[in-house]
Amino acid sequence: MKFTTLMLITFVIIAMSSPVPIRATRVESFGEVAQSCVVTELAPCLPAMTLTGDPTTECCDKLVEQKPCLCGYIRNPAYSMYVTSPNARKVLDFCKVPFPSC
């Protein structure tokens, strides 16, 4: 339990101290739309990604919303271990968000 708490605190500190937010572009019927990639938006997913258990509906909604940002998170060494962990993959599967091929 202490390790998980430490990981959660570390993740929040890294996320909050990130100097530049990651940006992604999503193409819709009206053209390109800039997607604001803010890793702290995925905070509802942290318990499911760092512990065991099913993610909440809010977590799944945020993952769908942040789907265009996942490659940017994977490329960022500060976030990569969270997004590529076995639990994170289980959360993506549960929420029916395909793991990105970057």
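1. Helices and strands are named here as DSSP runs, with helices of at least four residues and strands of at least two, numbered from the N terminus. On that basis Lys 96 falls in the segment after H6, where this residue has a positive phi of about 60° although it is not a glycine. Lys 96 counts as exposed because its relative accessible area is 75%, the cut-off for that word being over 50%.

2. The model is predicted, and its confidence should be kept in mind when the points below are read. The mean pLDDT of the protein chain is 78, with 66% of its residues reaching 70 or more. Among the elements of the chain, H3 has the highest mean pLDDT, at 95, whereas strand S1 (residues 22–28) has the lowest, at 49. Over residues 30–34 the pLDDT stays under 50, and for this stretch the model has nine contacts beyond four places in sequence.

3. How many disulfides does a search of the whole structure find? The search gives four, and, with the bonded cysteines counted along the chain, the disulfides of the protein chain follow the pattern 1-5, 2-3, 4-7, 6-8.

4. One of the disulfides is formed by Cys 45 and Cys 59, whose sulfur atoms are 2.1 Å apart. This pair links distant parts of the chain, since Cys 45 lies in the loop between strand S2 (31–37) and H2 while Cys 59 lies in helix H3, 14 residues away. The link of Cys 45 and Cys 59 is right-handed, with 110° about the S-S bond. Cys 45 counts as buried because its relative accessibility is 0%, and Cys 59 is likewise buried, with a relative accessible area of 0%.

5. The link of Cys 60 and Cys 95 is left-handed, with -70° about the S-S bond. Cys 60 is buried because its relative accessible area is 14%, under the 20% cut-off, and Cys 95 counts as buried at 9%.

6. Cys 71 and Cys 102 are joined by a disulfide as well, with an S to S distance of 2.0 Å. The pair connects distant parts of the chain, with Cys 71 in helix H4 and Cys 102 in the segment after H6, 31 residues apart. Because the torsion about its S-S bond is about -95°, the disulfide of Cys 71 and Cys 102 is left-handed. Is each of these two cysteines buried or exposed? Cys 71 is buried, with a relative accessible area of 18%, whereas Cys 102 counts as exposed at 54%.

7. The largest nonpolar core has 20 residues, of which Met 49, Leu 63, Leu 70, Tyr 73, Val 91, Cys 95 and Val 97 touch the most other members. The elements that give two or more residues to this core are helix H2 (46–50), H3, helix H4 (70–75), helix H5 (77–83) and helix H6 (86–94). In soluble globular proteins, nonpolar side chains tend to be buried together. Leu 70, leaving aside its neighbours within four places in sequence, is in contact with Val 83, Leu 92, Val 97 and Pro 100.

8. Elsewhere, the charged end of Arg 89 sits over the ring of Phe 99, at 3.7 Å from the ring's centre.

Note on methods
Residues are numbered from 1 along each chain as its sequence is written. This is a predicted model: local features need pLDDT of at least 70, side-chain atom pairs count only at pLDDT 80 or more; totals for chains, interfaces and linings use all residues. Side-chain values use heavy atoms; hydrogens and water are left out. Buried means under 20% relative accessible area, exposed over 50%, partly exposed in between (1.4 Å probe, protein chains only). A nonpolar core is a set of buried Ala, Val, Leu, Ile, Met, Phe, Trp, Tyr and Cys residues joined through side-chain atoms within 4.5 Å. Contact means heavy atoms within 4.5 Å. A disulfide is a pair of cysteine sulfur atoms within 2.5 Å. pLDDT is the predictor's confidence in each residue, from 0 to 100. A charge sits over a ring if NZ of Lys or CZ of Arg is within 6 Å of the ring centre and within 35 degrees of the ring normal.
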